Amino acid sequence: MSAAYEAFAGGEDILAAWARPHVLQITLNRPKARNALRTQTLRELAEVMGLATADDAVRCVVLTGGPTVFAAGADITELAAHTATSILTDDRPRLWEAIRRFPKPMVAAINGFSLGGGNELAMHADILIAGDTAQFGQPEVNLGIIPGAGGTQRLTLALGKSNAMLLNLTGGFMDARTALAQGLVSEVVPAPLTIERAVAIAATIAAKPPLAVRMAKEAVLKSFEVGLEQGLHAERRAFCQLFATADKQEGVNAFLEKRKPDFQGR
Ligand code: CO8
């Protein structure tokens, strides 16, 4: 375990600890406020993701919350104090940007309510695993606002127009089975097994060559930002770059020599 994480494990709003070798588990830990994401929470998330980015020992992150609430959204108490001018200079967009730019794979394990900014945070993960009691929603409309951290965009990309409109315009919730059927999450498992399943997926990813994993993530995310022509170009460039890595040599040799590869991220 790296010293940085031992030191960080005592963060006020989140916990960070190794779940397996190379798999860092980040747990939202503000149960009294149902894991509402105050600025401090986002700051701690951005900080631990910065540390995880720099630490080669971290190859995959699992992000989770509590057993009945993943996260209840932005902290409404904090939001209440904002005016139209103060919200413009708010620090949170910068912190969300740091989370968005996290380059390593992130698997979300979601139990209970995933609402508002909490659901926007879940959608920053690359793979979403839901417990069968999970509920997803963008209830901002009930407060006279709309999502401010990608909820209208990422939800629409995941669910399509009609289903995204249903959540955004009614403020209603969607259960785990519906979220699976509509493509928001990859799997639904019995709630007590959600973290275990997410960690198992993360461990599988952590055993893969880190540079190839990183470039695969980047290339998939590119498809949300650019057209097919540019996306294919970006994929081709990353594909060619990976031929220069020691891990490509190791992966191919291991296959030909019928042994398990040992990837070093070089
Ligand atoms: N913010 C602050 N406090 C909260 C929040 C929240 N989002 N959610 C719950 N709490 C607090 C309650 O006020 C309560 O505090 P206290 O004990 O001091 O009275 C405590 O948590 C427990 O709450 P409940 O009694 O309501 O708990 P339940 O278990 O009965 O219900 C729910 C859990 C269903 C999650 C319920 O609390 C709820 O509906 N919460 C609000 C959900 C919501 O509306 N979320 C959207 C927030 S707005 C948003 O996310 C906008 C994002 C924009 C990003 C902008 C970036 C610049």
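The model is predicted, with local features requiring pLDDT of at least 70, side-chain atom pairs counting only at pLDDT 80 or more, and totals for chains, interfaces and linings using all residues. Residues are numbered from 1 along each chain as its sequence is written, and side-chain values use heavy atoms, with hydrogens and water left out.

**Ligand site**

The ligand is surrounded by 20 residues, where a residue is near a molecule if one of its heavy atoms lies within 4 Å of it. The closest are Arg34, Ala72, Ala74, Ile76 and Gly117. The shell divides into 10 nonpolar, five polar and five charged residues; Ala, Val, Leu, Ile, Met, Phe, Trp, Tyr, Cys and Pro count as nonpolar, Asp, Glu, Lys and Arg as charged, and the others, Gly among them, as polar.

| Residue | Ligand atom | Distance |
|---|---|---|
| Lys32 | oxygen | 3.3 Å |
| Ala72 | nitrogen | 2.8 Å |
| Gly117 | oxygen | 2.7 Å |

On its own the ligand has 1100 Å² of accessible area, and the protein covers 63% of this; areas come from the Shrake-Rupley method with a 1.4 Å probe. Helix 3 (76-80), strand 6 (113-115) and helix 5 (117-122) are the elements that give two or more residues to the shell. Helices (H or I, at least four residues) and strands (E, at least two) are DSSP runs, numbered from the N terminus.

Four strands make an open sheet of mixed pairing in the order 4-6-8-9; two strands pair if DSSP finds at least two bridges between them. Strand 4 (69-71) and strand 9 (173-175) stand at the edges with a single partner strand each, so one side of each has no neighbour in the sheet. From one strand to the next, the twist averages 20 degrees, with axes fitted to C-alpha atoms and angles running from 0 to 180 degrees between N-to-C directions. Strand 4 pairs with strand 6 in the parallel sense over two bridges, and Ala71 stands opposite Ser114 in strand 6.

**Six-stranded sheet**

The other open sheet, also mixed, has six strands in the order 1-2-3-5-7-10. Strand 1 (residues 14-20) and strand 2 (residues 23-28) are antiparallel over six bridges, with Ile14 opposite Leu28. In their hairpin, which has two residues between the strands, His22 takes a positive phi near 75 degrees. Strand 2 runs parallel to strand 3 (residues 60-64), joined by five bridges.

Key
Polar contact = N/O pair within 3.5 Å; in protein donor to acceptor, adjacent residues only side chain to side chain.
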